[in-house]
Amino acid sequence: MIGTHYTRFSDFVKSPSTIWRYVIAIPAGKAKRYIGHNPAGGAMVVALLLSLMGTTVFGMALYAADEQAGPLAGTWIASFNGHTLKEIHEIFVNITLALIGLHIAGVLFSSLHHRENLPRSMVHGRKETRAGDVDALTAKPSRKEP
């Protein structure tokens with residue numbers, strides 16, 4: 001909602017076919033460099049947000065069921081079995097941790113593959129453009145010459 005156009009959902013949420021084409025181009029060494037999030041990075045953002053949402057909702061549901069407290073206390077979800085809610089919450093926690101590990105591995109791989117310091121770009125929000133980069137807004141290669 002706020003931020004540069006490269007940080008908005010409209011920039012990095014891609015179709016499953018676009019994500020798949022990008023992922024299968026990686027082992028072949030043909031994955032294009034994107035100015036914003038690449039399709040796999042965009043999918044990771046969505047997966048992390050969904051996983052964190054599940055962790056949060058089921059954590060609050062567990063708190064409501066066990067302690068009859070929190071924002072979900074007194075709601076229908078608080079009537080669920082505490083053990084079941086705990087198991088679901090733990091599943092989401094483990095998925096989130098696995099996604100974090102995959103995200104870090106993807107950032108490191110992308111940094112090495114494209115010969116750039118991607119973590120630095122993630123901190124300051126700027127990325128040097130090169131000839132052949134794909135602008136995720138237009139899905140067209142950049143015409144900038146080196």
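Author: The questions and answers below go from the chain as a whole to single residues.

Author: This is a predicted model, in which local features need pLDDT of at least 70 and side-chain atom pairs count only at pLDDT 80 or more, whereas totals for chains, interfaces and linings use all residues. Residues are numbered from 1 along each chain as its sequence is written, and side-chain values use heavy atoms, with hydrogens and water left out.

Reader: Which pattern does the chain follow along the sequence?

Author: Helices (H or I, at least four residues) and strands (E, at least two) are DSSP runs, numbered from the N terminus. The chain has five helices and two strands, and, read along the sequence, these give the pattern α-α-α-α-α-β-β.

Reader: How do H2 and H3 lie to each other: roughly parallel, roughly antiparallel, roughly perpendicular or oblique?

Author: Axes are lines fitted to C-alpha atoms, for helices over the stretch in contact, and angles run from 0 to 180 degrees between N-to-C directions. H2 and H3 pack at about 125°, with their axes 8 Å apart. Angles under 35 degrees count as roughly parallel, over 145 as roughly antiparallel, 65 to 115 as roughly perpendicular and the rest as oblique, so the two helices are oblique.

Reader: Which residues of H3 make the contact with H2?

Author: Contact means heavy atoms within 4.5 Å. On the side of H2 the contact is made by Thr-18, Ile-19, Tyr-22 and Val-23, and on the side of H3 by Pro-39, Ala-40 and Ala-43.

Reader: Is Asn-38 buried or exposed?

Author: Asn-38 is found in the loop between helix H2 (16–25) and helix H3 (39–67). Buried means under 20% relative accessible area, exposed over 50% and partly exposed in between (1.4 Å probe, protein chains only). Because its relative accessible area is 16%, Asn-38 is buried.

Reader: Which residues is Asn-38 in contact with, leaving aside its neighbours within four places in sequence?

Author: A polar atom of the Asn-38 side chain lies 3.0 Å from the backbone nitrogen of Ala-40. Once the neighbours within four places in sequence are left aside, Asn-38 is in contact with Tyr-22 and Ser-110.

Reader: How far apart in space are Asn-94 and Ser-51, C-alpha to C-alpha?

Author: Asn-94 has its place in helix H4 (residues 82–113), and it counts as partly exposed because its relative accessibility is 48%. Asn-94 and Ser-51 are 43 residues apart in sequence, and their C-alpha atoms are apart in space by 9.3 Å.

Conventions
A polar contact is a pair of N or O atoms within 3.5 Å; within protein, one must be able to donate a hydrogen and the other to accept it, and residues adjacent in sequence count only if both atoms are side-chain atoms.
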